[in-house]
Amino acid sequence: MSALFESKRSFVIFSYAASHGLLLLRSRKTKEFPTRIDILFQDVRAMELRSWFEGVTIEEVDVAFLKDFNSNPAQMIEPGNKVYAIKGREWLGFIVGGIVSTREDDGEFFAPSGLIEPSK
Amino acid sequence: MSQLLVCLLTLLFSLSSPAMERNADFWRSSLAADSGANIALGSRYSGLRTFASDIGADHLLDVPNNQWKDVFLSHVDNPSTTFHVNMGGFFGDTPSEMILNEMQSGSHTGWELQQLQQAGRLPQVNFYQPGQLTPIPNPFIK
């Protein structure tokens, strides 16, 4: 299974929005990495993650991957949902949701993400 | 510098992966508002994906979030698009009260209903009670 996204940088769970289930993971600019990276999962309905972590690999996996997680996340799957394995350094989690998008830019840490529709 | 290059290459790879291509294709077809499209609206918590699948409609949950309003409005502008609204999670004593309350809720579905109202399209929308796959009589037809 090839990775959809891989990075050695540090990320945090930046926000979760109930409407549309938007989960935003963000890596801030540093001296070593002078860009901001956003990873946006949509329609998120189940997850097991750390609130912050160094290094991440994201793979789309089969639903069978979820059987080892006690929160019974497979029960939350509806037609078209995807299962993502989230691999960090010495931990393994998951996200059940819709599509995932990534964006790298020079935005500030608390500035709005270009992946999310601005409020009108 | 080399680490930045690796990161940029990784990002480029992720954006060109098969999963991203599928998403991009869906976005293009949705923005084009193909003739005769059926679009399901409603709350995720009330099973929008299942509802859409059951009635054979598309939904906008997998449109990139920074595009979904434009995609939705392109469908509103296209008279051949039919909207199907699952009222699961709406509150009120009558269907019209449920729909009008949802418009004021601040939800994305409420915003979508407002756009349909402003476009004069509410009388053409199919509304469904929770768990039902047959639309109710449209309360906005005079």
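Strands β1(B) and β2(B) (residues 82-86) of chain B pair in the parallel sense over four bridges; pairing requires that DSSP finds at least two bridges between two strands. Within β2(B), V85(B) stands opposite L41(B). Strands (E, at least two residues) and helices (H or I, at least four) are DSSP runs numbered from the N terminus.

This is a predicted model, in which local features need pLDDT of at least 70 and side-chain atom pairs count only at pLDDT 80 or more, while totals for chains, interfaces and linings use all residues. Residues are numbered from 1 along each chain as its sequence is written, and chains are lettered from A and ligands numbered from 1 in the order in which they are written.

The open sheet of chain B has three strands in the order β1-β2-β3, with parallel pairing. Its edge strands, β1 (38-41) and β3 (126-128) of chain B, each pair on one side only.

Helices α5 (residues 95-103) and α6 (residues 108-118) of chain B pack at an angle of about 110°, with their axes 7 Å apart. Axes are lines fitted to C-alpha atoms, for helices over the stretch in contact, and angles run from 0 to 180 degrees between N-to-C directions. The angle makes α5(B) roughly perpendicular to α6(B) (65 to 115 degrees).

In the table, contact means C-beta atoms, placed from the backbone, within 7 Å.

| Helix | Residues that meet the other helix |
|---|---|
| α5(B) | I99(B), E102(B), M103(B) |
| α6(B) | T109(B), G110(B), L113(B), Q114(B), Q117(B) |

Between the chains, 28 residues of chain A are in contact with 24 residues of chain B.

Key
Two residues are in contact if their C-beta atoms, placed from the backbone, lie within 7 Å. Angles under 35 degrees count as roughly parallel, over 145 as roughly antiparallel, 65 to 115 as roughly perpendicular and the rest as oblique.
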